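Hi,

Here is the structure I promised to pass on.

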Amino acid sequence: MVHTGACIASLLGQGGSKRYHLTWRWLRYFKNDRDRRDLITCGAAAGVAAAFRAPVGGVLFALEEAASWWRSALLWRTFFTTAVVAVVLRAFINYCNIGKCGLFGKGGLIMFDVSSVNITYHITDLLPVIVLGVIGGVFGGLYNYLLDKVLRVYNLINERGPMFKLLLASTVSIFTSCCYFGLPWIAKCIPCPEGLDETCPTIGRSGNFKKFQCPPGHYNDLASLFFNTSDDAIRNLFSSGTKTEFHVSSILLFFCAVYVLAIFSYGIAVPSGLFIPVILTGASYGRFVGILFGSFTDLDQGLFAVLGAASFLGGSMRMTVSLCVILLELTNNLLMLPLVMLVLLISKTVADAFNSGVYDQIVRLKGLPFLEPHAEPYMRNLTAVDVVRGPLVTFSGIEKVDNIMQVLKSCKHNGFPVIDEPPFSETPILYGLVLRSHLLVLLKKKIFLPSRDIASADFVEQFSSVDFAKPGSGKGLNIEEIEISADEAEMFIDLHPFANTSPYTVVETMSLAKAQILFRQVGLRHLFVVPKSSGRPPIVGILTRHDFMPEFILEMYPELKHNRWKRLRIRLSVFTGIMKTLPIVKRCF
């Protein structure tokens with residue numbers, strides 16, 4: 001749902017789709033970087049709100065995970081989006097409640113609908129909750145580690161072509177089908193409980209009690225989990241007052257199966273996500289822990305399943321505030337707030353000791369230059385000029401067409417400084433920034449000047465803002481598509497009317513940590529580094545997102561790998577050293 005909402009928002013941000021005749025003129029106002037980012041953020045928030053019936057949780061999810069930088073205008077836009085989703089979703093829920101949603105069940109488009117129950121707990125009940133948090137942190141860290149290794153192998157396979165993608169997806173599908181249809185044979189048949197509101201077993205329709213080769217009046221609890229939709233399986237695990245509905249061996253076997261399948265099913269050429277498998281896995285081991293602690297606590301097993309899902313989400317995705325609100329809106333029970341907060345904080349703390357969140361690992365694996373909200377500590381000892389790469393490519397205020405063509409063909413930079421030199425200024429000065437996409441538009445239009453003179457107002461009026469609007473994905477101009485004759489190559493282009501005359505600049509001695517904070521919070525793509533003293537060229541270099549990445553900085557300065565401060569990490573050597581100091585463990589070494 002998150003991906004779907006983001007894709008729809010990205011389509012609107014591109015002005016629609018000409019291929020499918022879904023274009024509107026008013027969408028052209030959103031064809032810029034800032035509005036497109038806002039639309040995608042709102043789309044992700046709408047997906048969470050639709051999946052969990054959690055409008056406030058969707059806003060917090062966008063704040064915590066989706067948006068790289070936040071501002072007040074984006075807050076009310078996402079809130080308005082999720083409010084509309086809540087109203088539309090309520091209409092569909094009422095439609096599904098009258099039984100017109102078929103095999104999707106009464107839940108309809110809402111993924112999870114958990115009835116609220118009265119929850120009472122004491123101080124002694126916190127021990128199993130703490131255990132759940134620790135288990136979620138360990139399993140979440142292990143899940144991220146194994147998923148990273150599997151995705152690296154999948155990337156090598158997918159790079160070999162579409163046939164290998166299809167073969168990989170088919171192999172995983174066959175393995176999943178074998179598990180789903182083979183494992184229920186191991187489980188034993190259980191007599192149907194008495195006093196049920198629905199028929200047991202359920203045959204030919206959605207339900208909680210699957211017969212699966214059992215005699216009349218019996219059901220297979222493991223088949224009831226495997227042969228249901230994911231939301232119905234989660235609803236079954238979350239349900240309260242069902243202590244005898246699932247056997248402990250079936251829950252354990254189901255957890256092992258979905259844990260392994262969740263690792264191998266992500267990354268193949270099918271629309272599989274992370275949220276539902278993670279919730280299903282966490283709910284299964286949460287229910288298992290609830291069965292084990294059944295004689296020591298009065299907490300319901302369904303509550304253990306909810307807390308288990310929260311712990312695994314916190315251990316794998318490392319979300320805290322948004323996840324806490326989502327679970328509260330999902331269960332409609334404010335009494336769960338202390339338990340959910342406790343299990344989330346414990347699971348996230350434990351998992352942070354091993355590796356980073358699953359979203360961070362996937363972004364890093366794809367090579368996307370995502371900036372963290374904080375700067376690395378070693379950046380305080382570096383200045384902006386320390387990470388400037390060369391050579392610097394600049395343009396004059398009035399540049400020759402042939403020079404522009406040669407530069408665009410020889411490099412892939414997306415922004416170029418514009419320098420004014422005599423006779424247009426007394427000394428070389430930094431005039432502004434011109435984008436590569438704008439230069440391509442100027443070359444495509446072929447409205448050139450015969451001599452090196454400043455353009456008149458008539459020259460500028462031949463262009464409109466629509467010409468420079470950001471194109472959709474894959475629709476931008478390419479330098480290879482532009483053909484320039486020999487006579488046109490000797491002509492000139494006045495870049496003054498098309499340059500950004502107020503680019504953000506930092507002095508070369510500014511701390512790199514401060515420069516990154518400025519770069520991220522303002523949402524920049526180019527940051528100019530200017531000299532501190534006069535008598536030098538007006539610009540030292542340009543900083544882009546890649547220049548702030550730790551991988552790039554540590555490649556330039558390898559000595560920082562051993563000297564940089566790190567976050568809390570429990571290293572195996574340190575852990576072993578501590579264990580060796582214990583008297584009981586000394587005899588084992």
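This is a predicted model: local features need pLDDT of at least 70, side-chain atom pairs count only at pLDDT 80 or more; totals for chains, interfaces and linings use all residues.

Residues are numbered from 1 along each chain as its sequence is written, and side-chain values use heavy atoms, with hydrogens and water left out.

Back to that pair. Strand 11 (residues 527-530) and strand 12 are antiparallel, with three bridges between them. (Strands pair if DSSP finds at least two bridges between them; helices, H or I of at least four residues, and strands, E of at least two, are DSSP runs numbered from the N terminus.) They belong to an open sheet of three strands, in the order 10-11-12 with mixed pairing. Strand 10 (505-507) and strand 12 (541-543) are its edges, each pairing on one side only.

There is another open sheet of three strands, ordered 5-7-8, and its pairing is mixed. Here the edges are strand 5 (395-396) and strand 8 (429-435). Strand 7 (residues 415-420) runs antiparallel to strand 8, joined by six bridges, and F416 sits opposite V434 of strand 8. Helix 16 (residues 436-445) packs on this sheet and touches strand 5, strand 7 and strand 8; its direction makes about 75° with that of strand 8. (Contact means heavy atoms within 4.5 Å. Axes are lines fitted to C-alpha atoms, for helices over the stretch in contact, and angles run from 0 to 180 degrees between N-to-C directions.)

Helix 10 (residues 275-292) packs against helix 11 (residues 301-316) at about 130°, with the axes 6 Å apart. That angle makes helix 10 oblique to helix 11, because angles under 35 degrees count as roughly parallel, over 145 as roughly antiparallel, 65 to 115 as roughly perpendicular and the rest as oblique. Residues making the contact include V278 and G282 of helix 10, and G308 and F312 of helix 11.

Which residues have the most contacts inside the largest nonpolar core? They are F52, Y143 and F238, in a core of 71 residues. (Such a core is a set of buried Ala, Val, Leu, Ile, Met, Phe, Trp, Tyr and Cys residues joined through side-chain atoms within 4.5 Å; buried means under 20% relative accessible area, with a 1.4 Å probe and protein chains only.) Apart from it lies another core of 28 residues, including F416 and V418.

Cheers

Conventions. Buried means under 20% relative accessible area, exposed over 50%, partly exposed in between (1.4 Å probe, protein chains only).
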